[in-house]
Amino acid sequence: MAFAVDEINRKTDLLPNVTLGYSLYDNCVELGIGFRAALSLAAGPEKHFVLDDSCVGAPPILGIVGDSSSTRSMAIANVLGLYRVPMVSYFATCSCLSDRQKYPAFFRTIPSDAFQVYAIIQVLKHFGWSWVGLLFSDDDYGRHAAQSFQSDLSQSGEACLAYLEVLPWDNNQYELERIVSVIKKSTAQVVIAFAHESNMIQLMEEVVGQNVTDLQWIASEAWTTATVLHTPQLIPYLRGTLGIAIRRGEIPGFKEFLLLIQPKLSNKSNVIMFLLLQVLQFWEHTFQCKFAPAPAEWIEGGGALCTGHEDLQNIDNEFLDVSNLRPEYNVYKAVYALAHALDDLLRCEPGRGPFSGNSCATLHTLEPWQFVHYLQKVNFTTSFGDEVSFDENGDAIHLYDVMNWLWLPGGHIKVQNIGVVKKSAQKGDQLQLNKDKIFWNFQPMQPPLSVCSITCPPGTRRARRKGEPECCFDCIKCSEGEISNTTGATECITCPEDFWSSPAHDQCVLKKTEFLSYHEPLGICLATAAVLGTFICAIVLLVFVHNRKTPIVKANNSEVSFQVLLSLKLCFLCSLLFIGRPRLWTCQLRHAAFGISFVLCASCILVKTMVVLAVFKASKPGGGTTLKWFGALQQRGTVFILTCIQAVICIAWLVTASPAPHKNTEYHNDKIVYECAIGSSVGFAVLLGYIGLLALLSFMLAFLARNLPDNFNEAKLITFSMLIFCAVWVAFVPAYVNSPGKYADAVEVFAILASSFGLLVALFGPKCYIILLRPERNTKKAIMGRG
């Protein structure tokens with residue numbers, strides 16, 4: 001502070017024509033002494049001095065730099081805040097001091113513990129440490145830091161506390177043994193300590209006593225750079241420590257300023273000296289000498305006398321080491337913040353001021369609250385390049401160095417900078433680490449794994465163990481149809497409708513599609529049978545056409561026989577519509593084609609049966625008039641009308657509730673069954689019922705004519721064919737209803753093919769046998785029963 005004031009007073013661009021002064025008080029690390037010292041400063045000097053010819057008085061101090069302790073700062077700021085006397089602390093980090101309602105005039109050039117907590121959580125997150133222990137000192141600093149850490153940790157969800165212990169101030173050996181025993185038994189390998197050097201010395205002595213190794217210590221800024229812990233006894237346990245440290249800075253000319261210290265005042269020196277007693281004590285301690293008059297025992301023991309001209313240039317001690325200025329740098333910034341605030345105040349132009357009536361404050365009439373106004377708006381950059389400003393809570397820019405205790409080959413510890421953590425409105429949160437520089441106190445040289453449970457891999461989710469922290473969990477595999485594609489997932493994601501979980505449950509894959517395909521054995525067999533049936537129908541038709549003038553073709557109503565063969569050919573072909581991926585046109589056409597084809601076939605057989613009965617009746621005396629109702633025109637008309645009825649049924653079905661392709665996921669969760677939704681069960685039932693009605697009617701008529709002479713009819717063949725047809729379709733209904741997916745289509749195709757083959761073989765098999773293999777029986781005499 002003395003250096004900063006002296007440097008400012010020598011500047012011409014900052015506070016020109018204004019000389020700053022200061023008073024120094026030692027708080028002796030006691031709350032009462034520090035509090036009295038602050039009140040003494042706020043009361044102002046005892047002597048009055050003349051400011052100008054018109055004003056005589058004792059102005060209050062501009063501000064206080066300090067205190068270094070959060071507890072003392074809270075006590076002092078509580079009182080001085082009532083009068084808006086500004087305080088700028090360089091080392092008080094308690095986040096509670098950010099409360100502007102309680103501490104309206106408190107500022108600081110060190111980040112609050114809230115950001116220190118944030119920085120430590122970022123380090124934990126970076127290395128994946130989710131299971132940690134927390135120690136804190138029993139004071140405002142430790143308690144508030146621990147409370148903030150617990151709160152932020154629970155909100156972030158990044159880690160859990162394995163234990164939480166308070167470090168005693170009174171060197172309670174029993175309590176220290178208990179705490180170290182808890183650390184030793186815990187599975188957490190990372191220990192965070194918000195404590196002071198004195199707390200850590202007591203704790204580490206017990207750690208050494210119980211030989212607790214393989215711990216990764218995380219230091220708060222209070223002991224990160226504490227060289228008092230770099231002892232040969234503690235180094236094996238503390239090397240590799242990571243910590244958060246105050247931003248290091250460089251102050252040009254500070255080393256030269258320290259070297260000007262002399263035990264005697266110089267009239268030509270512009271350096272403001274410390275209290276003479278303190279300088280003399282420092283000199284005697286540094287050079288191991290005594291100023292005269294020295295004690296007799298010192299002289300007799302060979303002790304040297306101090307001359308006052310010893311050279312500090314050759315002395316290497318902590319006081320003269322300016323390479324690692326951290327709290328000192330904050331003091332430097334605090335003094336400059338007050339100076340810049342005063343400079344801004346004095347540069348105010350009358351009529352453009354920030355106060356009532358656009359007035360400005362003056363040095364003679366300055367009120368503390370006016371100075372607080374300017375201090376709140378301070379914004380400048382130090383010679384080291386760091387920006388200094390305060391937010392709405394009086395906190396400095398959030399910036400910390402990340403430190404690591406490097407173990408040197410000589411057995412010493414070097415606290416090295418391995419990164420920085422900062423927070424700004426423009427760039428957001430940033431943690432920058434040079435991981436290659438980090439020294440780890442583990443073999444191999446890798447960071448430890450401090451977790452209660454191993455992170456769940458993709459395909460699983462976390463299931464918290466009852467009664468334990470949320471970081472302790474079991475990994476449960478995702479259910480069917482659910483996935484987790486990240487590590488540590490808390491919930492599984494349900495796959496979209498057309499997707500299903502992979503075997504590893506780490507991604508959604510398209511569901512397998514299932515339908516009666518031309519590329520699978522079942523589809524190939526059915527398609528082959530349909531083509532084969534169509535081919536056989538074509539051959540039989542050719543045989544009948546070629547032998548159309550032979551008695552056996554002519555005797556069995558050749559025109560209707562040709563119609564039956566054509567309808568059977570259509571039946572075989574319509575079965576192909578049931579094979580392949582269902583599309584709108586195939587779904588609409590398949591049942592219509594199937595229904596019309598079979599009705600055409602059944603109506604032809606019905607007409608054929610009726611003609612047989614009519615011919616038999618006409619052969620009896622008086623029955624000649626019966627045949628006039630069964631001429632060729634009537635036969636064609638009957639077939640046409642019966643078929644048109646089915647066509648009307650199909651049209652009504654398609655118009656009201658048309659069949660359409662449907663993705664069915666009810667049969668299999670991991671498959672999409674492509675099928676044709678029939679649209680209307682009533683329409684489908686009417687279509688089948690009409691076919692069944694015609695078939696049943698044909699069966700009954702043929703059954704009645706089964707015993708007629710063979711030379712008049714083929715009733716037995718029709719009866720047998722209708723029996724096969726009805727048996728197939730009666731068996732089809734329950735099989736179709738209970739067959740899932742593509743197997744329902746396969747059952748329907750099989751029923752079509754089976755009934756078609758049954759009709760083809762039963763009706764035309766015996767005739768083809770006679771035509772092709774027994775031509776001697778294909779004569780009129782043989783058919784009339786006289787051959």
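1. The sulfur of Cys644 lies 11 Å from the closest cysteine sulfur, which belongs to Cys650, and this is too far for a bond. A disulfide here is a pair of cysteine sulfur atoms within 2.5 Å. Cys644 is partly exposed, with a relative accessible area of 28%. For the accessibility terms, buried means under 20% relative accessible area, exposed means over 50%, and partly exposed lies in between (1.4 Å probe, protein chains only).

2. This is a predicted model, in which local features need pLDDT of at least 70 and side-chain atom pairs count only at pLDDT 80 or more, while totals for chains, interfaces and linings use all residues. Residues are numbered from 1 along each chain as its sequence is written, and side-chain values use heavy atoms, with hydrogens and water left out.

3. The structure has nine disulfides. One of them joins Cys94 and Cys96, with the sulfur atoms 2.3 Å apart. This link of Cys94 and Cys96 is right-handed, with 130° about the S-S bond. Both cysteines, Cys94 and Cys96, are buried.

4. Cys452 and Cys472 form another disulfide, and their sulfur atoms are 1.9 Å apart. The link of Cys452 and Cys472 is right-handed, with 105° about the S-S bond. This pair connects distant parts of the chain, 20 residues apart: Cys452 sits in the loop between strand 17 (428-433) and strand 18 (460-464), and Cys472 in the loop between strand 18 and strand 19 (473-477). Strands (E, at least two residues) and helices (H or I, at least four) are DSSP runs, numbered from the N terminus. Cys472 has 1% relative accessibility and so counts as buried.

5. Cys456 is joined to Cys475 by a disulfide, S to S 2.1 Å. Why is the disulfide of Cys456 and Cys475 left-handed? The torsion about its S-S bond is about -95°, so the disulfide is left-handed. Cys456 is in the loop between strand 17 and strand 18, while Cys475 is in strand 19, 19 residues apart. Cys456 is buried at a relative accessible area of 0%, whereas Cys475 is partly exposed at 37%.

6. Strand 26 (residues 671-677) has five of its seven residues buried, so the strand is largely enclosed by the rest of the structure. Strand 24 (residues 512-514) pairs with strand 26 in the parallel sense over three bridges; pairing requires that DSSP finds at least two bridges between two strands. Thr513 has Ile672 of strand 26 as its bridge partner. Strand 25 (residues 660-664) runs antiparallel to strand 26, joined by five bridges, and His662 is the bridge partner of Glu675. A hairpin of six residues connects strand 25 to strand 26.
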